[in-house]
Amino acid sequence: MEKNEIYYTVNNKKSNELYQKYINKSKYIDNLNFLGRLGDYKYYNIDSAVNRSILLFKELLYK
Ligand SMILES: Cc1cc2nc3c(=O)[nH]c(=O)nc-3n(C[C@H](O)[C@H](O)[C@H](O)COP(=O)(O)OP(=O)(O)OC[C@H]3O[C@@H](n4cnc5c(N)ncnc54)[C@H](O)[C@@H]3O)c2cc1C
């Protein structure tokens, strides 16, 4: 049987804890921003993904 490819985030306890470790480490790196499905590790439809990128852009622009 072929291995299935995962298209969606799997938000279980283990993966959410791992994600939180990345976020905690990223706080020590300047100019590193997470967004999008992989970056935020969330299920997004495309409108939410685009909206999220516009909001982050504005946040960084007026920082
Ligand atoms: C099967 C399927 C059907 C969907 N149908 C709909 C729908 O009908 N309507 C809707 O609104 N949304 C739909 N979506 C969701 C939509 O595709 C996402 O919301 C949108 O693509 C998210 O954009 P993103 O930029 O966050 O991530 P992505 O579009 O996944 O972009 C991430 C990019 O990063 C690249 N990447 C990953 N790792 C690395 C790396 N290490 N180095 C460099 N590049 C990397 C990937 O190759 C990819 O190009 C669907 C998704 C899937 C999988």
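Visitor: Which element has the lowest mean pLDDT, and which the highest?
Guide: This is a predicted model, and among its elements α2 has the lowest mean pLDDT, at 90, while α3 has the highest, at 95.

Visitor: And what is the mean pLDDT of the protein?
Guide: The mean is 91, with 98% of the residues reaching 70 or more.

Visitor: Good to know. How many helices and strands are there?
Guide: The secondary structure comes to three helices and zero strands. Along the sequence the pattern reads α-α-α.

Visitor: Let's take α1. Is that helix buried or in the open?
Guide: Helix α1 lies largely in the open, because zero of its 14 residues are buried.

Visitor: What span should α1 have, and what does the model give?
Guide: At 1.5 Å a residue, residues 13-26 should span 20 Å, and the end C-alpha atoms are 20 Å apart, so the two values agree.

Visitor: What about the protein overall, how much of it counts as buried?
Guide: Of the 63 residues, 0% count as buried. The radius of gyration is 14 Å, whereas a compact globule of 63 residues would have one near 11 Å. Along its principal axes, the C-alpha trace spans about 50 × 30 × 20 Å.

Visitor: Switching to the ligand, which residues are around it?
Guide: The shell is made of Tyr-7, Gly-36, Arg-37, Leu-38, Tyr-44, Asn-45, Ile-46, Asp-47 and Ala-49. Helices α2 (36-40) and α3 (46-61) each supply at least two residues of that shell.

Visitor: How does the shell split by class?
Guide: Five of the residues are nonpolar, two are polar and two are charged.

Visitor: Now the backbone. What is phi of Asn-31?
Guide: Phi of Asn-31 is near 55°, a positive value in a residue other than glycine. Most residues other than glycine have a negative phi. Asn-31 is in the loop between α1 and α2, and it counts as exposed because it has 5 C-beta neighbours inside 10 Å.

Visitor: And where is Tyr-41?
Guide: Tyr-41 is in the loop between α2 and α3. Its phi is near 45°, also positive. With 18 other C-beta atoms within 10 Å, Tyr-41 is partly exposed.

How values were computed
Residues are numbered from 1 along each chain as its sequence is written. This is a predicted model: local features need pLDDT of at least 70, side-chain atom pairs count only at pLDDT 80 or more; totals for chains, interfaces and linings use all residues. A residue is near a molecule or strand if its C-beta atom, placed from the backbone, lies within 6 Å of it. Helices (H or I, at least four residues) and strands (E, at least two) are DSSP runs, numbered from the N terminus. Ala, Val, Leu, Ile, Met, Phe, Trp, Tyr, Cys and Pro count as nonpolar, Asp, Glu, Lys and Arg as charged, and the others, Gly among them, as polar. The expected span of a helix is 1.5 Å times one less than its number of residues. A residue is buried if 20 or more other C-beta atoms lie within 10 Å of its own, exposed if 12 or fewer, and partly exposed in between; C-beta atoms are placed from the backbone. pLDDT is the predictor's confidence in each residue, from 0 to 100. The radius of gyration is taken over C-alpha atoms; the globule rule is 2.2 Å times the number of residues to the power 0.38.
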